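I opened the model today to look up a few points on strand pairing, helix packing and chain contacts. My notes follow in the order I took them.

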Amino acid sequence: MPSQAPKALILRTLGTNCEDETAFALEAAGATTEVVHLNRLIEKPGLLETAQILVVPGGFSYGDDVAAGRIFGQRLRHALQAQLAAFIDGGGYVLGICNGFQVLVELGLLEGLHVPASERQVALTDNESDRYECRWVTLENQNSAASWIEPGTVWPCPVAHAEGKLVATPETVQALEERGQIALRYTSADGSAPEYPELPNGSVGAIAGLCDATGRVLGLMPHPERNVTPWHHPRWTRLPSRDEGEGLALFRGLVAAAARA
Amino acid sequence: MVSSRSDAEASAAVSAAPMALPRAWRIEVFRAPGQADPRGRAIEGLAAELQLEGRLEGVRFGRGFLLPPELSRAAVDEIVSNVLCDPVVDRARLTAPGDAPEVPGGVRRVLAAVMPGVMDPVARSLGRLLHRTGRADQDQIGRVQSFRAHELSGDLTDGDLRQLGQRLLANETIEELHFDEESLGYEQPGGEAQRGPVVVPLLELGDAELLELSRTGQLSLTLIEMRAVQAHYAALGREPLAAELETVAQTWSEHCKHKTLCGIIEVERPDGSKYTIDNLLKSTIAAATHELDRDFCLSVFVDNAGIVHFEGEWAVCFKVETHNHPSAIDPYGGAGTGIGGVIRDILGAGLGAKPIANTNAFFVGPTDLAADDVPKGSLHPRRVLRGVVAGVRDYGNRMGIPTVSGGVWFDKGYVGNPLVYAGTVGLIPASMAQKEVRPGDSIVALGGRTGRDGIHGATFSSIELSEHSETESSHAVQIGDPITEKGVLDVLLAARDAGLYRGVTDCGAGGFSSAVGEMAEGTGAEVWLERVPLKYPGLTSHEVWISEAQERMVLSVPPDKLEALLELCAAEDVEAVEIGRFNDSGRLVLKDGEETVGDMDLEFLHDGTPRPTRHARWTPPELPDPGCPAAADPSKAIVALLGAPNVASREWIIRQYDHEVQGGSVLKPLVGERSDAPGDGAIVQPLRHSRRGLSITCGANPLYGRLDPYAMALAGIDEALRNAVAVGADPDQAAILDNFSWGNCDRPEMLGALVLAAEACQDGALAYRTPFISGKDSLNNEYRVGDQVHSIPHTLLISCMAQVPDVARAVSMDAKQAGNVIYQVGATHPELGGSHWLQELGLDGGTVPRPDLETAPALLRALHAAAAAGKLRACHDLSEGGLGVAAAEMAFGGDLGLELDLTKLPLGELPSGYDPASVALFSESCTRFLVEVEPHACSAFEQHLDGHPVTRLGSVIEAQELRLNLPGGSPCAVPLADLRRSHQSGFQS
């Protein structure tokens with residue numbers, strides 16, 4: 001049984017670069033954290049059993065070479081597939097942010113680990129603009145299997161990616177919807193259907209984040225860990241004094257859910 | 001999903017195919033039908049700039065891979081469908097070894113592949129993955145290659161194809177292009193390694209032959225220096241070895257030694273009298289720092305970066321580098337390796353700092369330059385700028401370092417010789433600001449492997465460019481590999497905290513020769529070149545020694561820590577090798593196996609540089625004062641200035657940089673209600689447990705330099721500091737850097753301007769009590785076309801990092817609230833020389849803005865006190881375009897109007913020809929701000945600024961317009977939409 005403070009294992013490898021601020025956000029939300037290199041986890045998969053949350057943070061794992069998240073995802077499939085399946089089946093939570101989301105998609109965590117890479121139905125690929133873009137967007141939490149995310153909340157968050165366009169057939173989107181897997185959508189400031197740049201990458205259905213059917217695995221392109229202090233918001237100098245950024249709520253929900261597990 | 005012609009068809013194609021079809025599995029991955037092809041579409045967009053008259057209809061972009069031929073068909077199929085090809089968006093085309101690919105009918109094909117020996121990070125990552133996941137053997141890792149395939153449709157001529165390939169699809173300096181033919185090289189560079197000592201006979205050479213040797217060997221040594229080398233070896237009674245001569249050339253290069261700034265200069269004053277400067281850098285810029293003796297300075301001018309105390313146990317460091325000549329030839333690779341190099345400076349500062357922010361500044365030719373005006377051998381400024389931006393983006397973003405600020409300056413003077421400045425700020429425990437080397441320590445090379453890339457970069461950067469530079473110096477250009485450097489960063493900081501080494505430096509210009517040579521100064525070293533890991537065989541001993549292959553650091557490791565260090569590196573897949581030992585011999589001995597390939601006296605290497613006397617004088621250009629003409633329509637003039645190339649929005653660049661990573665962003669490069677207004681400076685929060693912030697700002701204005709280099713330098717210092725003060729930083733806790741990019745200082749006029757600028761740096765630093773802590777000069781920024789030599793404008797970049805006592809009191813420049821009061825702080829003088837207003841009118845001459853060193857430092861401190869007390873709601877510095885531009889930016893940034901009465905500005909008695917409205921609007925006098933203050937805070941604010949020039953100009957209004965009451969004219973009003981539109985109307989890509 002986890003103690004009151006769940007432990008989050010933050011998995012890094014060559015090119016990961018958001019592990020520190022992600023650890024900070026998780027700790028601010030009440031978790032304890034341990035950053036571990038992929039090579040260590042492969043040597044000691046038992047580390048997974050010490051944690052309630054596994055986080056794949058943002059960055060450019062292996063330089064985004066071949067495709068973003070492809071090589072990291074392939075290495076996890078090769079070396080840790082069974083252990084990851086056991087972790088999730090055992091009630092563990094997984095969060096993938098930005099490059100971490102791309103890794104979860106490659107790894108098949110959102111569709112099910114039994115699906116081979118070549119039969120994946122969901123892709124994260126080049127932005128419509130064909131370039132890396134760093135900007136703030138507005139997100140709306142959906143009513144999804146990830147019930148630890150407060151549905152209906154609309155909040156600001158930055159994106160920073162080149163390959164964040166979610167592509168899937170209408171049938172797949174429909175199936176995702178029915179299984180409650182669409183956890184986050186981009187939205188516009190006035191609530192209408194977002195267009196570029198409010199929809200920063202051209203994602204089908206304005207999807208910004210997906211969860212698995214259990215709701216315990218979540219991947220999202222935006223960076224909630226970059227909106228946790230009072231000074232992260234791009235217009236904080238125009239806003240009344242604040243205690244924290246809106247992104248912290250997501251980590252708090254995750255940590256609380258993991259503590260209940 | 002995988003399509004391939006049948007084996008029978010394939011073998012039929014072999015006989016008809018050219019011999020150069022690669023003996024490797026070839027995979028080309030294109031977007032599936034119906035899927036968007038953003039890369040192809042982006043190329044179509046760029047092609048609109050070429051003269052294709054609609055003949056290009058479409059572009060499909062494909063990623064190509066070559067895999068070892070001995071893999072089975074089934075194994076390759078598996079790799080394609082699980083690794084190379086996305087099942088949702090891609091389709092792959094597989095071609096058997098030696099076969100020609102099955103190409104769709106009616107398309108023209110352009111293949112681009114890096115030349116042998118050029119870094120191919122995708123291939124490296126893929127090769128390692130295939131090995132790691134049991135799909136390939138260890139020896140097959142290096143036999144994976146990548147390329148790009150483009151399929152173009154339309155009625156294209158061969159000329160069109162060639163133009164598209166050469167201008168958009170590849171850079172032939174480092175890549176090879178194939179037009180409608182399918183051959184691709186599939187072999188690593190190599191050949192027999194010609195290792196061992198190589199004697200270079202020079203004892204018997206005459207002057208002409210010495211110079212010829214310097215030129216053909218790309219040594220870039222002058223005759224006097226060659227003679228000194230000759231004399232040294234004559235005294236030793238032997239000829240030099242190649243590795244020795246190369247080491248001398250690298251160590252004595254302008255790039256490494258700063259011979260001009262550290263040399264002897266005889267200066268002739270305008271009245272004909274003369275004085276002598278022994279070491280300009282030491283006697284001006286560094287002298288000011290030492291005279292100021294500020295206690296926050298921990299390490300200045302001695303290390304890879306300047307280090308100052310930040311808070312508690314922490315210090316911060318800052319370095320800005322230039323990477324001009326490589327960027328002229330390959331903007332993408334040059335800029336990438338430029339940023340990679342300055343990041344390594346920070347990793348090699350003290351015992352190694354963590355990079356926390358990147359900054360950059362580019363000086364390029366005008367983007368609307370006619371194609372005919374691009375000199376032979378040069379790239380169009382648009383291509384330079386796009387490439388440089390992409391290079392900084394791809395390297396900086398991958399390193400996980402936020403690019404928080406930057407600037408671009410356009411001027412015709414940079415067409416043949418663009419300038420690329422890249423800077424990095426680091427965070428380091430204050431106790432780790434110093435490093436040492438002890439005899440007996442291991443010399444450990446950490447990071448990337450060594451190849452033939454980048455040979456002669458240090459000497460190349462010390463000579464002028466010419467139309468032949470592209471071909472002569474292509475081997476001086478490298479492609480960076482940020483992920484290897486990220487691995488270096490990760491293990492280096494872990495090793496630092498574990499105390500596994502006691503000295504570190506980066507392998508920059510000159511490679512090991514400079515890094516080890518510098519570290520061994522004062523001790524001695526023996527290096528074992530045979531241990532250096534190589535990218536491929538075939539390098540000579542001295543090539544291994546001087547290669548500037550990227551992403552390498554050199555450590556000095558105590559013997560009892562060596563094993564732990566090597567284990568740590570291996571655990572994270574970072575290569576580290578002991579390549580020698582430091583000793584107390586005072587000599588630098590190079591071994592390659594059993595043979596000695598170099599044995600040098602370190603004292604000669606470091607102190608043997610001849611110091612000839614250079615001559616300097618400067619004569620101001622004789623230009624009549626053009627005055628300050630009135631604007632026919634001030635509204636239109638303001639709108640026009642907002643769209644001027646040097647003022648217009650940089651959003652298209654800024655959005656491509658990750659300015660948020662590391663989670664420390666406090667003020668972003670773009671601010672305001674719509675995040676579209678240019679902030680005066682960025683602020684980061686380096687420590688999560690502390691609210692102390694760090695601002696990063698800069699100042700530069702090359703338009704001032706030709707008229708008055710002394711004033712230009714002072715104005716640059718003032719601009720960097722006032723930007724810092726504008727965002728809430730404390731000018732009393734600021735440190736600055738100097739980066740000179742200048743023409744050929746063998747010419748007295750050029751050197752005269754440099755001397756004046758350096759003297760201004762000294763005077764400015766003393767007056768503001770702001771120390772320079774580091775700097776770099778890049779001289780010989782000239783470009784030769786035929787007989788004509790073109791010099792760049794004198795360009796001095798001043799970079800500043802300053803502390804913000806409490807990030808909660810940071811100030812942004814956008815107007816906040818209707819009803820608040822707007823003040824101008826600082827005095828407006830008739831200073832229009834080099835101003836944007838005169839440039840807009842096509843006028844030259846006039847008085848260049850020059851800060852008043854008596855009053856400016858106190859004004860900055862008073863304004864900061866008001867900011868620290870929370871009295872400022874917004875603050876914007878006045879710079880290019882003067883008050884007119886600043887007020888407009890402040891207004892549209894806040895989505896609020898401003899109503900300002902400029903008749904209240906005390907302009908004094910203006911000289912004839914100076915229109916008071918234009919002076920009020922467009923003068924670029926230094927040390928001025930527009931400040932927004934809440935009505936209840938006005939008296940407190942005015943008390944803070946007591947004794948300084950402060951004018952209450954008006955207020956923030958709800959109406960969406962900029963309303964101005966001008967002296968001697970009628971009131972004008974400009975809608976915010978017009979201001980915003982013009983600001984967004986500049987070049988975008």
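I started with B:Leu446 and found its bridge partner in S21(B) to be B:Ala576. The two strands concerned, S16 (residues 442–447) and S21 (residues 576–582) of chain B, pair in the antiparallel sense over five bridges. I note here that the model is predicted.

I then traced the sheet around this pair. Seven strands of chain B make up an open sheet with mixed pairing, in the order S18-S20-S16-S21-S19-S22-S23. At the edges I have S18 (503–506) and S23 (595–601) of chain B, each pairing on one side only. From one strand to the next the twist averages 20 degrees.

Next I looked for helices on this sheet. H17 (residues 482–497) of chain B packs on the sheet and touches S16 and S20 (552–557) of chain B. The direction of H17(B) makes about 135 degrees with that of S16(B). H20 (residues 562–571) of chain B lies across S16, S20 and S21 of chain B, and runs at about 155 degrees to S21(B).

I turned to H11 (residues 285–292) of chain B. Which of its residues are buried? I list B:Ile285, B:Ala286, B:Ala288 and B:Thr289. Down the axis of H11(B), the buried residues fall within an arc of 155 degrees, so they line one face of the helix. B:His290 and B:Glu291, on the other side of H11(B), are exposed. Among the elements covering the buried residues of H11(B) I noted H26 (748–768) and S31 (772–778) of chain B. After H11(B) comes B:Asp293, with a positive phi near 50 degrees.

I checked the nonpolar cores as well. The largest has 361 residues, of which B:Ala757 and B:Ala891 touch the most other members. Setting aside neighbours within four places in sequence, I find B:Ala757 in contact with residues including B:Pro709, B:Tyr710, B:Phe740 and B:Leu796. A second, separate core of 20 residues includes B:Val110 and B:Ile174.

Last, I went to the chain contacts. I record 53 residues of chain A in contact with 52 residues of chain B. On the chain A side, the elements giving two or more residues are H1 (19–28), H3 (70–89), S5 (123–125), S6 (133–141) and S7 (154–161). H3(A) gives the largest share, five residues. By class, I have 21 nonpolar, 15 polar and 17 charged residues on that side. S6(A) and S7(A) pair in the antiparallel sense over eight bridges, and A:Cys134 has A:Ala160 in S7(A) as its bridge partner. Six of the eight residues of S7(A) are buried.

Conventions: Residues are numbered from 1 along each chain as its sequence is written. Chains are lettered from A and ligands numbered from 1 in the order in which they are written. This is a predicted model: local features need pLDDT of at least 70, side-chain atom pairs count only at pLDDT 80 or more; totals for chains, interfaces and linings use all residues. Two residues are in contact if their C-beta atoms, placed from the backbone, lie within 7 Å. Helices (H or I, at least four residues) and strands (E, at least two) are DSSP runs, numbered from the N terminus. Ala, Val, Leu, Ile, Met, Phe, Trp, Tyr, Cys and Pro count as nonpolar, Asp, Glu, Lys and Arg as charged, and the others, Gly among them, as polar. A residue is buried if 20 or more other C-beta atoms lie within 10 Å of its own, exposed if 12 or fewer, and partly exposed in between; C-beta atoms are placed from the backbone. Two strands pair if DSSP finds at least two bridges between them. The arc is that of the directions from the helix axis to the C-beta atoms. A nonpolar core is a set of buried Ala, Val, Leu, Ile, Met, Phe, Trp, Tyr and Cys residues joined through C-beta atoms within 7 Å. Axes are lines fitted to C-alpha atoms, for helices over the stretch in contact, and angles run from 0 to 180 degrees between N-to-C directions.
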